[in-house]
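Here is a friendly walk through one model, with the sequence and the 3D view side by side. Keep both open as you read.

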Amino acid sequence: MLGLKLLTDPRWANIAESNLEEILTDHAWCEQKAAANALYIITNNSEHIDLVEKMAEIAIEEMDHFKQVVEIIKQRGYTLGREKRDDYVNQLFKFSKKNCSRNTSFIDRLLFAAMIEARSCERFKVLSQNIQDKELAKFYYDLMVSEATHYTTFLNFARKYAEDVDVEKRWAEWLEFEGELIQSYGKSEAIHG
């Protein structure tokens with residue numbers, strides 16, 4: 001369904017589970033950044049009221065996920081560490097089109113968001129199926145479902161509002177780029193690491 005070119009090696013879940021405090025901290029900040037991205041899309045595309053309403057829902061949901069992860073961190077006696085640079089997301093951002101029409105930039109921002117949601121969904125699936133911690137396995141299963149919905153939402157808005165972009169062609173380019181990029185990741189206690 002996601003169209004990803006390379007799936008995560010299930011052994012990555014063992015790396016993640018070896019340092020739950022680190023993976024949960026990274027996850028919390030990923031949720032916060034996802035909320036910020038939805039707000040960015042609202043700010044720059046406020047003429048599309050259906051988009052504004054849906055992005056507001058996503059921002060609230062992502063901050064609720066942030067809150068849930070922080071609560072798990074607290075319950076387990078961990079500390080919410082500082083936010084760290086997400087090299088994977090930064091590399092995706094560099095792939096985004098710049099110096100182009102406003103619509104092309106808008107569509108690429110939606111595809112950028114869809115790409116991150118697709119990989120997050122896939123990583124949550126790997127965690128839900130491969131970690132020993134049953135409570136977290138269920139938590140990540142529930143989040144996997146949510147991320148899949150976000151992925152399709154961003155992709156569908158890109159299709160709806162594309163004026164000067166062949167969305168299917170550009171999405172295929174995103175998938176190819178991400179498939180190459182992800183080969184360098186999957187070795188650290190980070191959602192995209």
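## Helix H3 against helix H6

In this predicted model, helix H3 (residues 49-75) and helix H6 (residues 134-161) have axes that come within 12 Å and cross at roughly 160 degrees. That angle is over 145 degrees, so H3 is roughly antiparallel to H6. The crossing in which H3 passes H6 is left-handed.

On the H3 side, the residues making this contact include Leu51, Lys54, Met55, Ile58, His65 and Ile72. From H6, the contributors include Glu135, Leu136, Phe139, His150, Phe154 and Tyr161. Sorted by class, the contact of H3 with H6 holds 11 nonpolar, 6 polar and 7 charged residues.

## Helix H2 against helix H3

H3 also packs with helix H2 (residues 20-44), at an angle of about 165 degrees and with the axes 8 Å apart. This makes H2 roughly antiparallel to H3. The crossing of H2 and H3 is left-handed, and by class their contact has 21 nonpolar, 4 polar and 2 charged residues.

## Salt bridges

How many salt bridges does a search of the whole structure find? The count is 18. One of them joins the side chains of glutamate 176 and lysine 5, with N to O at 3.5 Å. Glutamate 176 sits in helix H7 (residues 167-181) and lysine 5 in the segment before helix H1 (12-17), so this pair ties together parts that are 171 residues apart in sequence. Glutamate 176 is partly exposed, at 44% relative accessibility.

Arginine 76 pairs with glutamate 135, their closest N and O atoms being 3.3 Å apart. Because arginine 76 lies in the loop between H3 and H4 while glutamate 135 belongs to helix H6, the pair links parts 59 residues apart in sequence. Arginine 76 is partly exposed, with a relative accessible area of 26%. Elsewhere, salt bridges that share partners join Asp108, Lys169, Arg170 and Glu173 into one network.

## Serine 96

Is serine 96 buried or exposed? Its relative accessible area is 11%, so serine 96 is buried. You will find serine 96 in the loop between helix H4 (87-95) and helix H5 (102-130). Leaving aside neighbours within four places in sequence, serine 96 is in contact with Asp108, Phe112, Arg170 and Trp174. Asp108 and Arg170 also belong to the salt-bridge network.

Key
Residues are numbered from 1 along each chain as its sequence is written. This is a predicted model: local features need pLDDT of at least 70, side-chain atom pairs count only at pLDDT 80 or more; totals for chains, interfaces and linings use all residues. Side-chain values use heavy atoms; hydrogens and water are left out. Axes are lines fitted to C-alpha atoms, for helices over the stretch in contact, and angles run from 0 to 180 degrees between N-to-C directions. Helices (H or I, at least four residues) and strands (E, at least two) are DSSP runs, numbered from the N terminus. Angles under 35 degrees count as roughly parallel, over 145 as roughly antiparallel, 65 to 115 as roughly perpendicular and the rest as oblique. A crossing is left-handed if the near helix is turned anticlockwise from the far one by less than a right angle, and right-handed if clockwise. Contact means heavy atoms within 4.5 Å. Ala, Val, Leu, Ile, Met, Phe, Trp, Tyr, Cys and Pro count as nonpolar, Asp, Glu, Lys and Arg as charged, and the others, Gly among them, as polar. Buried means under 20% relative accessible area, exposed over 50%, partly exposed in between (1.4 Å probe, protein chains only). A salt bridge is a side-chain nitrogen of Lys or Arg within 4 Å of a carboxyl oxygen of Asp or Glu.
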